[in-house]
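Reader: Hi! Could you walk me through this one in plain words?
Author: Happy to, let's take a look together.

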Amino acid sequence: MITIPQQVIAHRGISASAPENTLSAFKLAKQHGIRWVEFDVSLCRDQQCVIFHDDDLDRCSNLTGPLALQNLATLKQGDFGSWFAPEYAGENILELKALIHWLHTHDMYFNLEIKVAPNIAWEALVESIAATLPETAWLREHCLVSSFHPAALLAFSRLREDVPLGILLDEPIHHWQDWAEGVNASTVNCNYDHLTDAFANEVIDTGYQLLVYTVNTPEQFETALRLGATAVFSDNPEELMQS
Ligand code: G3P
Ligand code: MG
């Protein structure tokens, strides 16, 4: 079991009100009293870990094309805020090590999602994440690492047996228990759109904590809690906290 500080997790930060996966979005979570944030870690061309969701840069920056083809120096020149709103112009891309430092300084909890883009050397991504996370008691109590990518999560689990893990599912898969057991997972993180009563029961009865994404309305939140979710990922977690 991992410690779950709250029933809501800020998905990519408070991504409904600030550009996703930026320091502004994580600071906003802290300002609203949300102590647990989720973010996506991707690998750029010179094998540096950065906080970014998409394979391509187009949607969330003023750059274009695959993130994996750009060096960190180029990414640092990009604007990762204007796409969202003018007041966020000049928002920088976040490096994993800088974000971990900020999370530690502010005693935040976090779910780090290993984001494996097509055709990237995911082994390098996994090794880099494993090397960047400090081997401390704070880390063990505040961090959950997850991925949709079974091989990447397995490789990570072998490098860092001390870090709690969650398997990430879109649609329920047949052999999810083999995967969860193989990495000694603590949580099963499921897509709300595909979650059934039966599958939620299966997860909980097998002894895993159920996390559900992405839950943005009070009605969905109520349903997820009724199904036994320990917590939900939300773009507007501060609104759900008040519902
Ligand atoms: O970890 C929950 C959620 O973040 C998984 O989907 O695409 O938003 O990274 P995605
Ligand atoms: Mg994610």
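**Pocket, metal and core**

Author: The largest pocket has a volume of about 270 Å³. This is a predicted model, where local features need pLDDT of at least 70 and side-chain atom pairs pLDDT 80 or more, while totals for chains, interfaces and linings use all residues. Residues are numbered from 1 along each chain as its sequence is written, chains are lettered from A and ligands numbered from 1 in written order, and side-chain values use heavy atoms, without hydrogens and water.

Reader: Which residues lie nearest the centre of the largest pocket?
Author: Leu43, Ala68, Leu69, Asn119 and Ile120, out of 18 lining residues (those with an atom within 4 Å of a pocket point).

Reader: New topic: what coordinates the magnesium ion (ligand 2)?
Author: Glu38, Asp40 and Glu113 do, at 2.0 to 2.2 Å; donors are N, O and S atoms within 2.8 Å of the metal, or 3.2 Å for Na, K and Ca, and with water not among the atoms, sites may look incomplete. Asp40 sits in strand S2 and Glu113 in strand S4, so the pair ties together parts 73 residues apart in sequence (strands are DSSP runs of E, at least two residues).

Reader: Is Asp40 buried or exposed?
Author: Asp40 is buried, at 1% relative accessibility, and Glu113 is buried at 5% (buried means under 20% relative accessible area with a 1.4 Å probe, protein chains only).

Reader: And which residues have the most contacts inside the largest nonpolar core?
Author: Phe39 and Phe110, in a core of 69 residues (buried Ala, Val, Leu, Ile, Met, Phe, Trp, Tyr and Cys joined through side-chain atoms within 4.5 Å).

Notes: Helix = DSSP H or I, 4+ residues; strand = E, 2+ residues; numbered from the N terminus. Buried < 20%, exposed > 50% of the residue type's maximum accessible area, 1.4 Å probe, protein only. 1 Å grid on protein atoms, 1.4 Å probe; cavity = no way out; pocket = protein on both sides within 12 Å on 5 of 7 lines; lining within 4 Å. Points joined across faces, edges and corners; volume = space filled by probe spheres on them.
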